[in-house]
Amino acid sequence: MRAVYLDVLIHFVKTMIEYIKGELTELTPALATVEAAGVGYGLNISLTTYSAIQGKKDVKLYVYEAIREDSHLLYGFVSKKEREMFELLITVSGVGANTARMMLSSMSVSELCSAISRGDERLIKGIKGIGKMTAQRIIVDLRDKIVALGIADEIPAGGTVSAPVNNAVRDEAVAALTMLGFAPAPTQKVVVAILQEQPDLPVEQVVKLALKQIK
């Protein structure tokens, strides 16, 4: 577990530009131009972001900067979770920025997290540009990280997004159990299932029940 957090800290570098807020002057399924303080910023976007901002006059997009020797590209995201998922995807060997954007265009963050959590290699490799080996690496590398960073929605054993639960109790219970040495992904599934059945339980009771169920 500690290794997961260290790896996340190494790769999860904050962008220099947190977000851009302004008038949406041009929009295509792949690129949004946002004018802020007289400057037009061209941001590469996913189809998810395109659908969310289509028809809007003013927008706020969270930014990831890809700075290379020969280029300086900006990627824009309608939510922090979409940006965080993008940043995690590009840490996987064989997944570049364009591939990560294609993945987020093909699936929502919740759907992608669910597929990774279930280990659904078939679904992931069905995305254009993703082969079998890359799909396997994505699952192995990111299964625990999406939970550790709070990107994943609550995903029960059936693989669908669950109803909302008490996030504070959930997070405290998962943190306590991971400190005891349990992996975060299966731990969160058990904790969420408990809270769905008994939403008013305090943290200590959730932990006790989870200890009896985690395998």
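Biologist: Which strand does Asp58 lie in?

Modeller: Asp58 lies in strand E4, residues 58-67; strands are DSSP runs of at least two residues, helices (H or I) of at least four, both numbered from the N terminus. The model is predicted, so local features need pLDDT of at least 70, side-chain atom pairs count only at pLDDT 80 or more, and totals for chains, interfaces and linings use all residues. Residues are numbered from 1 along each chain as its sequence is written, and side-chain values use heavy atoms, with hydrogens and water left out.

Biologist: Is Asp58 buried or exposed?

Modeller: Asp58 is exposed, because its relative accessible area is 53%; exposed means over 50%, buried under 20% and partly exposed in between, with a 1.4 Å probe and protein chains only.

Biologist: And what does Asp58 touch, leaving out residues up to four places away in sequence?

Modeller: Asp58 touches Gly22 and Glu23, where contact means heavy atoms within 4.5 Å. The C-alpha atoms of Asp58 and Gly22 are separated by 5.4 Å, although the two residues are 36 apart along the chain.

Biologist: Changing topic: how many helices are there in the protein?

Modeller: There are eleven helices, together with five strands.

Biologist: Which residues make the contact of H3 with H5?

Modeller: Helix H3 (residues 80-89) and helix H5 (residues 109-118) have axes that come within 10 Å and cross at roughly 40°. The contact is made by Lys81, Glu82, Met85 and Leu89 of H3 and by Val109, Leu112, Cys113 and Ile116 of H5.

Biologist: What about the whole chain: how much is buried?

Modeller: Of the 215 residues, 43% count as buried.

Key. Axes are lines fitted to C-alpha atoms, for helices over the stretch in contact, and angles run from 0 to 180 degrees between N-to-C directions.
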